[in-house]
Structures are given as C-alpha cells and as structure tokens.
Amino acid sequence: LIRQPHNVGGAELHVSCSIGIAVYPEDGVEIETLMRNADAAMYQAKQQGRNNAQFFTLEMDRRARERMQIENDLRVAIERQQLRVYYQPRVECRSGRLLGAEALVRWRHPEHGLITPARFIPVAEDSGLIIPIGAWVLAEACRQQALWRATGEDLAISVNLSAAQLHDPDLLATLQRAIAEHGVNPAMIELELTESLLMEDVTLTIDLLQAIKALGISLSVDDFGTGYSSLNYLHRFPIDKLKIDQSFVRNMLDDPNDLAITKAVIGLGHTLGLSVVAEGVEQSEEMQVLAAAGCDELQGYLFGKPMPADDFALWRQSLGGGNAG
Ligand code: C2E
Ligand code: MG
Ligand code: MG
C-alpha cells in the first residue's frame with residue numbers, strides 16, 4: 001500500500017518506508033519495551049537499505065545497547081578532550097613531494113581505548129553530535145595548518161564532511177570562524193564529501209558548494225566510484241579533486257576490472273579538469289601503475305599511516321628534505 005504512487009499536482013510521488021516489528025509478549029510485555037525493540041528493528045531496516053521490514057532479535061538488542069552507550073559517552077568526549085585528529089600524508093605522484101595531509105578523527109575512550117571513526121561517526125551522524133564534532137575537527141585542522149605554516153611548512157589539510165554537516169545552516173559560519181580564528185589561508189583547507197552525499201540533493205548542493213568555494217576552500221569527492229554519480233551533474237559541481245576509492249586501488253594489481261576503473265577515473269577526472277588522488281596505496285608497484293596512469297596525488301600506508309601531529313613532524317624529519325617518494 002505504501003509503495004503505491006501518490007498523485008500530487010500532476011506529479012507522481014513515491015514514499016518509501018522502513019518497518020521494525022516487535023512481537024508481544026516475546027519481545028516485551030510493557031509498551032515501552034515493545035516500542036524500544038520495534039525501534040531497534042526499524043533502525044536495522046534502515047541500515048539494510050531502507051524500504052523493508054525487520055523483526056526484532058536479541059542481537060539487535062545488544063547492538064542497540066552498545067550504540068546507546070557509545071552515544072552517551074560521545075556526548076562528553078569533546079569536553080573531556082578524548083578526541084584526537086590524526087594526519088595522513090598526501091604526496092605528489094610525479095615527484096613524491098609532500099603536499100598535505102588528511103585529517104582523520106580518533107576517539108581515545110577511557111575504557112575501550114582508541115576507537116576508529118567507522119564505529120563512532122555513524123552514531124555521531126544519527127545523534128546530531130557530528131555537528132559539534134565536525135566543527136571541532138575543522139578548528140583543530142585549521143590550528144594545525146597555522147602551526148605547520150609557522151614552522152615554514154605550508155601543508156594543505158583536508159577534512160571530511162558528513163551529510164548532517166552539509167545540511168547544517170551554520171556550516172558556512174563554522175567554516176569562516178575556523179579559518180579566521182587561526183588566520184589560515186582558505187586555499188590550504190580542502191573539504192572531502194562522498195559521492196553519494198553530493199548526489200543526494202543536487203541543486204541545493206551546487207549552491208552550497210559554490211558558497212564554500214567562494215570562501216576560497218577547495219573541494220574533493222571522496223570514495224569516488226562507490227556511489228552513483230550522475231556524470232551529467234559531476235561537471236556542474238564546483239569540485240577540484242576526485243579521490244579514487246581504496247577498494248579499486250587494493251585490487252588493481254590482481255583484478256583487470258579494477259585497474260580499468262582506476263584508469264578510467266583518472267581519465268574522467270582529467271577530462272573534467274580535476275586533479276585525481278588515489279587512496280589506500282600500500283605497495284610500490286601500485287604507485288608505479290598509478291604514476292604511469294597519470295594519477296596526480298597518492299595517499300596510503302606506503303607513505304605513512306594516519307598519525308598524531310607530533311609523530312607527523314617526526315615522520316617528516318625522517319624523510320629529510322620533504323621527499324616522501
Ligand atoms: P576516508 O575519508 O575515505 O579516509 C580514508 C581511510 O582509509 C582512513 O580510515 C585511513 O586510515 C584509511 N587508509 C589510508 N591509507 C590506507 C591504506 O594504505 N590501507 C588501508 N587499509 N587503509 C588506509 P579511518 O581513519 O579509519 O577513517 C574512516 C572513515 O571515517 C573516513 O574515510 C571518513 O569517511 C570517516 N572520517 C574520519 N574522520 C572523520 C571526520 O573528522 N569527520 C567525518 N565526517 N568523517 C570522518
Ligand atoms: Mg576522506
Ligand atoms: Mg575515502
């Protein structure tokens with residue numbers, strides 16, 4: 001019934017729906033418990049790509065509790081200074097010269113140790129906590145950029161942006177504040193947005209991205225090749241860079257399809273006047289193939305893992321002369 005299209009003013013509108021089901025009395029005898037469990041099942045339905053129904057299970061209960069715990073702990077993580085920004089080098093493919101770093105957030109949980117973003121960013125996104133966390137990462141990145149510049153090393157820092165941040169009406173003000181507070185040249189700050197995020201609401205996104213570009217900040221498409229890009233729209237976005245998803249780079253040497261996709265993305269990017277970055281470069285053979293294909297920038301364990309700013313400085317010294325190749 002829900003799938004049936006609605007005719008509104010001559011346009012055909014479709015509604016999708018995610019359903020969570022909890023059964024009385026197995027899944028709860030009180031209305032609160034039943035509703036909470038149905039809610040956990042609905043969350044699972046959303047995770048499974050929406051537009052489906054899921055029954056509540058004990059495993060869902062365990063996961064829902066863990067999520068709630070993470071969310072509660074995350075609420076105080078900023079003020080208790082448990083968040084850290086790690087920096088992963090990005091190098092010029094042709095020369096091996098260090099160009100900049102990607103800022104990647106980490107959470108030092110007092111009990112669970114270092115928690116990777118894959119575990120807490122989704123929770124932060126759902127709970128809205130990504131807004132203050134994202135603003136904090138941005139401010140940290142700007143502070144670090146200014147520190148590095150003061151020591152004579154003007155490195156570009158790229159920062160990942162979530163959907164909720166893009167929809168935040170205060171985003172432009174947050175960006176301006178971070179840049180102004182640390183006196184950073186906005187050209188040295190890049191924002192990374194995923195492909196699916198860009199395609200979500202194209203007209204709104206184009207306007208917003210243009211406003212961000214007007215601040216002097218550059219823009220990259222992250223995890224390119226994993227979403228559904230409309231190539232027709234891609235050239236209308238005011239973007240500067242494509243980052244080839246690491247899944248292609250990882251299998252490139254063994255799988256001719258992934259190699260073909262990698263080369264095609266490099267060609268596509270260059271045709272659109274964009275610079276192309278390969279992520280997840282771990283082997284020197286991969287670097288050689290990417291260099292031969294004309295890739296502009298490389299990032300991956302081959303050059304350096306994400307590290308705290310202090311370690312990054314040591315890593316730089318160990319290179320001597322700033323050559324990472
Ligand atoms: P991403 O932006 O695509 O970042 C690249 C991820 O690949 C990072 O994982 C990095 O550590 C990992 N990586 C880099 N080189 C290699 C390699 O050679 N081999 C392998 N196996 N992995 C490599 P990380 O730091 O765990 O971050 C995961 C994702 O979390 C990021 O993917 C990004 O989407 C998100 N994220 C991280 N920090 C932030 C943040 O401050 N804000 C937001 N919104 N998202 C963030
Ligand atoms: Mg990224
Ligand atoms: Mg990526």
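Here are a few exercises with worked solutions on the structure above.

The model is predicted: local features need pLDDT of at least 70, side-chain atom pairs count only at pLDDT 80 or more, and totals for chains, interfaces and linings use all residues. Residues are numbered from 1 along each chain as its sequence is written, chains are lettered from A and ligands numbered from 1 in the order in which they are written, and side-chain values use heavy atoms, with hydrogens and water left out.

**Exercise 1. Find the protein donors of the magnesium ion (ligand 2), and say which parts of the chain they come from.**

Step 1. Begin with the definition: donors are N, O and S atoms within 2.8 Å of the metal (3.2 Å for Na, K and Ca), and sites may look incomplete because water is not among the atoms.

Step 2. Glu-102 (OE), Asn-160 (OD1), Glu-192 (OE) and Asp-222 (OD) coordinate the magnesium ion (ligand 2) at 2.0 to 2.2 Å. Along the chain, these donors are spaced as E-x57-N-x31-E-x29-D.

Step 3. Now place two of them, using DSSP runs numbered from the N terminus (helices are H or I, at least four residues; strands are E, at least two). Glu-102 belongs to strand E6 and Glu-192 to strand E9, so this pair ties together parts that are 90 residues apart in sequence.

Step 4. Check their accessibility, where buried means under 20% relative accessible area, exposed over 50% and partly exposed in between (1.4 Å probe, protein chains only). Both Glu-102 and Glu-192 are buried.

**Exercise 2. Describe the surroundings of Glu-192.**

Step 1. Glu-192 is in strand E9 (residues 189-194), with a relative accessibility of 1%.

Step 2. Contact means heavy atoms within 4.5 Å. Beyond the neighbours within four places in sequence, the contacts of Glu-192 include Glu-102, Ser-158, Asn-160, Asp-222 and Lys-243.

Step 3. Look for a polar contact, a pair of N or O atoms within 3.5 Å (within protein, one must be able to donate a hydrogen and the other to accept it, and residues adjacent in sequence count only if both atoms are side-chain atoms). The side chains of Glu-192 and Ser-158 make one, at 3.0 Å.

Step 4. Thr-194 also lies in strand E9. Leaving aside neighbours within four places in sequence, Thr-194 is in contact with Val-221, Asp-222 and Asp-223.

**Exercise 3. Work out how ligand 1 is held among its surrounding residues.**

Step 1. A residue is near a molecule or strand if one of its heavy atoms lies within 4 Å of it. Ligand 1 is surrounded by 23 residues, and the closest are Arg-106, Asp-222, Gln-246, Glu-282 and Tyr-301.

Step 2. An N or O atom in the side chain of Glu-282 is 2.5 Å from a nitrogen atom of ligand 1. For Glu-102, a side-chain N or O atom is 2.9 Å from an oxygen atom of ligand 1. Tyr-301 has a backbone N or O atom 2.8 Å from an oxygen atom of ligand 1.

Step 3. Of the 810 Å² of accessible area that ligand 1 has on its own, the protein covers 82% (Shrake-Rupley method, 1.4 Å probe; for residues, only the protein chains shown count as cover).

**Exercise 4. Locate the cis peptide bond that involves Pro-25.**

Step 1. Most peptide bonds are trans.

Step 2. The cis bond joins Tyr-24 and Pro-25, with omega about 0 degrees. Pro-25 is in the loop between strand E3 (19-21) and H1.
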